Amino acid sequence: MPHQTLEDMLWVNLWRQTLTYSLLQSPNPQIPNTMTLCNCNPFLSKTPIFSLPFHPTTKTQLPISSLCCSVNPSSVPDPNPSTNCSNSDTNNGGGGPKNKLSDQSSWEAKDSEGNDYLYRLGKEADNMNIAVGARAGLVDDLFVGKFLGRDSDIVFDYRQKVTRSFQYLQGDYYIAPLFMDKVVCHIAKNYLAHLLNTKVPLILGIWGGKGQGKSFQTELIFQAMGVEPVIMSAGELESERAGEPGKLIRDRYRTASQVVQNQGKMSCLMINDIDAGLGRFGNTQMTVNNQIVVGTLMNLCDNPTRVSIGQDWRESDITNRIPIIVTGNDLSTIYAPLIRDGRMEKFYWQPNHEDIINIVYRMYEKDGMSRDEVVSIVDTFPNQALDFYGALRSRTYDRSISKWVEDIGGVQSLGDKLLKRRKNDNLPVFTPPKQTIEALFESGHSLLKEQQLIMETKLSKEYMKNMDD
């Protein structure tokens, strides 16, 4: 079109509105098949369908061909759907044409199998599929919003917090070679399971005495390998709602799979102290959630790439195989079919004398302790767990902390100084005590007395006279 004045542009808009209104009001507009709104061919009909207003100055009508190209096809619903090549659907089962609301409308979206998306969504998991989020193509762009992005996920940030990255592990720690070899081999075998012509257990069960550093050594190995795991505890294996812990395990398993797929990092699922949640001690009661958790773990071992979270099974819903590592003190208390060799590989961890010395020496190396002094400490307190030697160092801080409390005004003002001080008020600098072998020996004997007192003085017998020995 030639250059238009402001008056011309106003009348063009009026003509467009007249065109749209006439298309909507005309009961049977004679639009030839050669003219469709999607390819913007000019009208070829010689019979006028409607009258366009005349320009007040030129007294002429705007050619209809110049109007057609400026009309948005999606904004002008075609009263005769058969003439609209983009909005016709003859496969609706009724044989007739069907008007589509939008190519991205969630009301008429289809899933990968051609089924109605909203109908399938309503059948899934109590209609609580929040993992869909606001995704372009599945939800109208009006509800997606520019501030969330085209592919925003309303629970993405929450799921990312489930993983562990171990930034808090600062310093040089000792990793037992035997422990590291077992964990690394298990992770590598599961990631290579599709290439190996052998049965690979999905679960590695690390068990042993209390306080031997099973979880801590595993986390050190994860940090060294660059693994970003999903870590659970025994407290999450029970719930007041039946089925929740089993669903949580499957959801965490799929979250670890998404770390592999989306971030390109190795991941695994780790459950600490599993025997505390699933073990049977004496006359403890077996709950429905215990049975579901055991069944869920057994099903993951048998089908590690097909994991359901309450949805219908889909052929395209394949997850990555994710290794599982569990820790415990006594695996004999767990349901026997779960710990059979085909599903779980067992590893008994009992650090020897050399491992204990190396681990404790790395613990006290920053305090200036020599290796000979560490050897004397370990030999003075034999048959103790690794956490005992960590408690020695913590006990030596008691006197320094008591002195620091007195320096800030005593116990009466401790809460105000710690929580209600002004931003510009600085607390007195805490000076850590100098570690000496004499102070560590003193702390060690104090801890031994507490252990013996607990074992010898059983006040529970005084409270419950009828309790059997």
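**Notebook: salt bridges, cores and surface of a predicted model**

I began with a pair of charged side chains: K403 and D407 meet in a salt bridge, with N to O at 3.4 Å. The model I am reading is a predicted one. I then looked up where the two residues sit, and both lie in helix α14, which covers residues 398-407. They are 4 residues apart there, about one turn of the helix. I checked their accessibility next. K403 has a relative accessible area of 54% and is exposed, because the cut-off for that class is over 50%. D407, at 48%, counts as partly exposed.

I noted a network as well: K182, K189 and E345 are joined by salt bridges that share partners.

**Other salt bridges**

I looked up the total, and the structure holds 12 salt bridges. One of them pairs E228 with K265, whose closest N and O atoms are 3.1 Å apart. Which parts of the chain does this pair tie together? I found E228 in the loop between α7 and β4 (230-233), and K265 in the loop between α8 (244-263) and β5 (269-272). The pair therefore ties together parts that are 37 residues apart in sequence. Is E228 buried or exposed? At 10% relative accessibility, E228 counts as buried, since the limit for that class is under 20%.

R241 is partly exposed, with a relative accessible area of 46%. E244 is also partly exposed, and its value is 32%.

**Nonpolar cores**

I turned next to the interior. In soluble globular proteins, nonpolar side chains tend to be buried together. The largest nonpolar core here has 36 residues. I listed the residues with the most contacts inside this core: F179, V183, I206, I377, Y389 and L392. Which elements each supply at least two of its residues? I recorded the helices α6 (177-191), α7 (214-225), α11 (353-364), α12 (371-380), α13 (386-395) and α16 (437-456), together with the strand β3 (203-207). Helix α11 gives the most to this core, with 5 residues.

I followed V183 further. Leaving aside its neighbours within four places in sequence, I found V183 in contact with L204, I206, I221 and I325. I then noted a second, separate core of 28 residues, which includes Y253, C301, I322 and I324.

**Surface**

I looked for nonpolar side chains on the outside. L192, L195 and L196 form a nonpolar patch on the surface, and together they have about 280 Å² of accessible area. I located L192 in the loop between α6 and β3. At 41% relative accessibility, L192 counts as partly exposed.

**Whole chain**

The protein chain contains 17 helices and 7 strands. Of its 469 residues, 37% count as buried. The chain exposes about 28,300 Å², and carbon and sulfur atoms supply 53% of that area. Among contacts with a separation of 6 or more, I noted that residues 24 or more positions apart account for 69%.

Notes
Residues are numbered from 1 along each chain as its sequence is written. This is a predicted model: local features need pLDDT of at least 70, side-chain atom pairs count only at pLDDT 80 or more; totals for chains, interfaces and linings use all residues. Side-chain values use heavy atoms; hydrogens and water are left out. A nonpolar core is a set of buried Ala, Val, Leu, Ile, Met, Phe, Trp, Tyr and Cys residues joined through side-chain atoms within 4.5 Å. Buried means under 20% relative accessible area, exposed over 50%, partly exposed in between (1.4 Å probe, protein chains only). Contact means heavy atoms within 4.5 Å. A salt bridge is a side-chain nitrogen of Lys or Arg within 4 Å of a carboxyl oxygen of Asp or Glu. Accessible areas come from the Shrake-Rupley method with a 1.4 Å probe; for residues, only the protein chains shown count as cover. Patches are made of residues with over 30% relative accessible area and no salt bridge: like charges are joined within 9 Å, nonpolar side chains (Val, Leu, Ile, Met, Phe, Trp, Tyr) within 5 Å.
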